[in-house]
Amino acid sequence: HAQPKAGTAVSTPAALEKIRDPCAGRPGATARGSGPRPIPGGDLEASGVLEAAFAARAVEGELIFLSVGDTRDHRRVAKDPALKDISTDFLLHLLANLRALGRENWLILSTRRLCGRLQAEHCERSCVWSTLWDDHPGLEPWRLKPGDMFLMWAQQWRYVARALELGYRVFRADTDVYFAEDPYPLLRSPLLRPFEMVVQHDFASMLDNNRRPACSAPPRRPADSAVAPGLQTCGTRPRHLALLNIGLLYVRSSPGGGAYAAINETWAAFLSKLSGPPYKPKHLNGRVESQALIDQPFMRKAVDELAAPDSASLPPKPASHWAVVSGASAHPYPAGVTCSLADQGGCGAVLEARRKTAFLVQLVRPRRPLAGL
């Protein structure tokens, strides 16, 4: 080979790698400061992959857990077959939304094929996949296969529980959501900081004429309330009018805690159902109803069964009810934070609306507390 002439640049292997990589410098593919680090992907069931992925993607112990599959969405495809791939578009919009808010600490549970597409087509090096329960004998009778969303949703709750066991706090979100402001200041506020788990509430129910939670008694601050420590309670609401919507859920519990138990019982209930005979309702004429494996009813049932009474709440809360907490009990932002909206007038309106908005709180205890806890 001819020797390079004086002054000729010689490419090193590292330089060649940069030339080959079309994602160099792109968001999601490059580590920046103390932010999350890109990961190569991998099976969370392989040795060390889960621990390395959590450590790379979490920031200050906070992890946003997302999931997206590449098989048909059973519910959307029945409405319009053209929507079968829309979940990926939802994901990309959500990532742009979070990035604009300065939050990039997400980890995406996907399939190996779709993770490869996210890496190659969108420079998104924050995805993993899983073979957990891929060989479960119940998959075929229930008409499921690896990568199916119902299976993936159950897998994600197992990994959320694992993250809690490792000391992380987890924000689990559906991909068809939008954040108008950074959610973390709200979660760290005096109003929401006392709670181990914060989750959406499905209030659109014909059982209660679509009414939001509201105070039915004067707000009072009980001295020894376990369900809402330091906050004002102002009524109770029966559990059939307190339906969880787990499309947005934040949890900072730990092994031995009631919220941790609710997470664990969610994926355990899925496995129990998957191990039994498939559900074949009459209106499907013998066909399997895979939606019986959806995770949300499992978590609702787990929370209901783990619910505990709180006699110190005002009024006293039986296990079958949720306590109503006044939104004016405490400030909805931590000290020094107003909100992240550009319009300060809008910030004031949001603050006032939150002060007027009551919310529901439940006390949950594990079935078998750990020794010493």
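Two exercises on this predicted model follow, each with a worked solution.

**Exercise 1.** Determine where Q362 is found, whether Q362 counts as buried or exposed, and which polar contacts its side chain makes.

*Solution.* 

Step 1. Locate the residue: Q362 belongs to the segment that comes after β9, a strand covering residues 359–361.

Step 2. Classify the residue. Buried means under 20% relative accessible area. Q362 has a relative accessibility of 14%, and therefore counts as buried.

Step 3. Identify the polar contacts. The side chains of Q362 and K317 are joined by a polar contact of 2.6 Å. The Q362 side chain also reaches the backbone oxygen of H321, at 3.1 Å.

Step 4. List the surroundings. When neighbours within four places in sequence are set aside, the residues in contact with Q362 include V227, V303, A307, A308, A319 and W322. K317 and H321 are also among these contacts.

**Exercise 2.** Describe the sheet that contains β9, and explain why one side of β9 is left without a neighbour in the sheet.

*Solution.* 

Step 1. Examine the edges. β6 (233–238) and β9 each have a single partner strand, so one side of each is left without a neighbour in the sheet. From one strand to the next, the twist averages 40°.

Step 2. Examine the pairing of β9. Its antiparallel pairing with β8, residues 321–325, extends over 3 bridges. Within β9, L360 is the bridge partner of V324.

How values were computed
Residues numbered from 1 in each chain as written. Predicted model: local features only at pLDDT ≥ 70, side-chain atom pairs only at ≥ 80, totals over all residues. Heavy atoms only, no water. Helix = DSSP H or I, 4+ residues; strand = E, 2+ residues; numbered from the N terminus. Buried < 20%, exposed > 50% of the residue type's maximum accessible area, 1.4 Å probe, protein only. Polar contact = N/O pair within 3.5 Å; in protein donor to acceptor, adjacent residues only side chain to side chain. Contact = heavy atoms within 4.5 Å. Pairing = 2+ DSSP bridges. Axes fitted to C-alpha atoms, helices over the stretch in contact; angles between N-to-C directions.
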